[in-house]
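Hello,

Here is the structure I promised to hand over to you. Have a look at it, and then read on for what was found in it.

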Amino acid sequence: MIFDEFSIKTLIRPVPDFPKPGVVFRDITPLFQSPRALRMVADSFIQRYVEAEFSHIGAMDARGFLIGSIIAYELNKPLILFRKQGKLPADVLSESYQTEYGEAFLEVHSDSLCEGDSVLIFDDLIATGGTLIAAANLVRRMRASVFEAAAIIDLPELGGSQKLQDAGIPTFTLTAFALDDR
């Protein structure tokens with residue numbers, strides 16, 4: 001199936017003033033309600049990564065779990081879950097980061113990766129880059145490396161993709177929105 005960016009963008013719902021005034025939230029749930037669109041998104045990522053050299057897929061809590069788990073299944077890779085603070089039951093590593101809304105913490109099981117592992121990390125979108133940079137820091141603390149950070153959406157005006165690239169983390173997204181796109 002050929003990727004149709006226009007079709008994908010029309011299924012990403014803008015929600016003004018959520019979760020706070022002035023923010024336009026990009027809701028991907030309509031995209032997941034369309035079997036054709038979900039297949040198009042998944043197939044695009046699968047085609048990009050099917051022959052790539054990495055050992056694990058990392059997925060960000062919570063919307064990153066949706067696409068990350070599909071790609072991990074399709075590429076037969078182990079899935080590493082990066083969770084919000086207090087959600088994992090075993091020993092964890094924790095990393096603080098700044099969001100558009102304040103400080104938060106990301107955690108991962110401390111035995112998720114080993115030296116030499118390489119991780120493709122997924123989230124639904126790249127905004128300020130805080131979550132993905134925190135995940136990359138956690139990966140590196142386990143002596144593994146980040147292969148690439150991938151997302152469905154980039155919000156380039158918020159600078160997250162640039163911050164990731166400045167930190168030596170390649171990025172890939174399927175589409176981008178300007179902050180004032182409706």
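The buried residues of H3 are Ala37, Leu38, Met40, Val41, Ala42, Ser44, Phe45, Ile46 and Tyr49, where buried means under 20% relative accessible area, exposed means over 50%, and partly exposed is in between (1.4 Å probe, protein chains only). Helices (H or I, at least four residues) and strands (E, at least two) are DSSP runs numbered from the N terminus. Before going further, please note that this is a predicted model, in which local features need pLDDT of at least 70 and side-chain atom pairs count only at pLDDT 80 or more, while totals for chains, interfaces and linings use all residues. Residues are numbered from 1 along each chain as its sequence is written, and side-chain values use heavy atoms, with hydrogens and water left out.

Back to H3: its buried residues pack against helix H1 (5-10), H2, H4, S7, S8 and S9, with contact meaning heavy atoms within 4.5 Å. H3 has 15 residues, and its first and last C-alpha atoms are 21 Å apart, close to the expected 21 Å at 1.5 Å a residue. The expected span of a helix is 1.5 Å times one less than its number of residues.

**The chain as a whole**

The chain holds six helices and nine strands. Its radius of gyration is 16 Å, close to the 16 Å from the globule rule for 182 residues, so the chain is as compact as a globular protein of that length. That radius is taken over C-alpha atoms, and the globule rule is 2.2 Å times the number of residues to the power 0.38. Of the 182 residues, 49% count as buried. Among contacts between residues at least 6 apart in sequence, 61% join residues at least 24 apart.

**The sheet**

In which order do the seven strands of the open sheet stand? The order is S5-S6-S4-S3-S7-S8-S9, and the pairing is mixed; two strands pair if DSSP finds at least two bridges between them. S5 and strand S9 (171-176) are at the edges with a single partner strand each, so one side of each has no neighbour in the sheet.

Seven bridges pair S5 with strand S6 (residues 103-109) in the antiparallel sense, and Ser94 is opposite Glu107 in S6. Elsewhere in the sheet, S7 and strand S8 (residues 145-154) run parallel, joined by eight bridges. Asp123 is found opposite Ala151 in S8.

Ser118 belongs to strand S7 (residues 118-126). Is Ser118 buried or exposed? Its relative accessibility is 12%, so Ser118 counts as buried. Apart from neighbours within four places in sequence, Ser118 is in contact with Glu53, Phe54, Ser55, His56, Ser145 and Phe147.

Helix H4 (residues 63-75) lies across strand S3 (56-60), strand S4 (79-84) and S7, and runs at about 160° to S3. H5 lies across S3, S4, S5, S6, S7 and S8, at about 150° to S5. For these angles, axes are lines fitted to C-alpha atoms, for helices over the stretch in contact, and angles run from 0 to 180 degrees between N-to-C directions.

In H4, the buried residues are Gly64, Phe65, Ile67, Gly68, Ile71, Ala72 and Leu75. Their cover includes helix H2 (29-32), helix H3 (35-49), S3, S4 and S7. Just after H4 comes Asn76, with a positive phi of about 55°.

In H5, Gly130, Thr131, Leu132, Ala134, Ala135, Ala136, Leu138 and Val139 are buried. Arg143 follows H5 and has a positive phi, near 65°.

Cys114 is in the loop between S6 and S7. With a relative accessible area of 49%, Cys114 is partly exposed. Cys114 and Arg143 are 29 residues apart in sequence, and their C-alpha atoms are 6.4 Å apart in space. Leaving aside neighbours within four places in sequence, Cys114 is in contact with Met142, Arg143 and Ala144.
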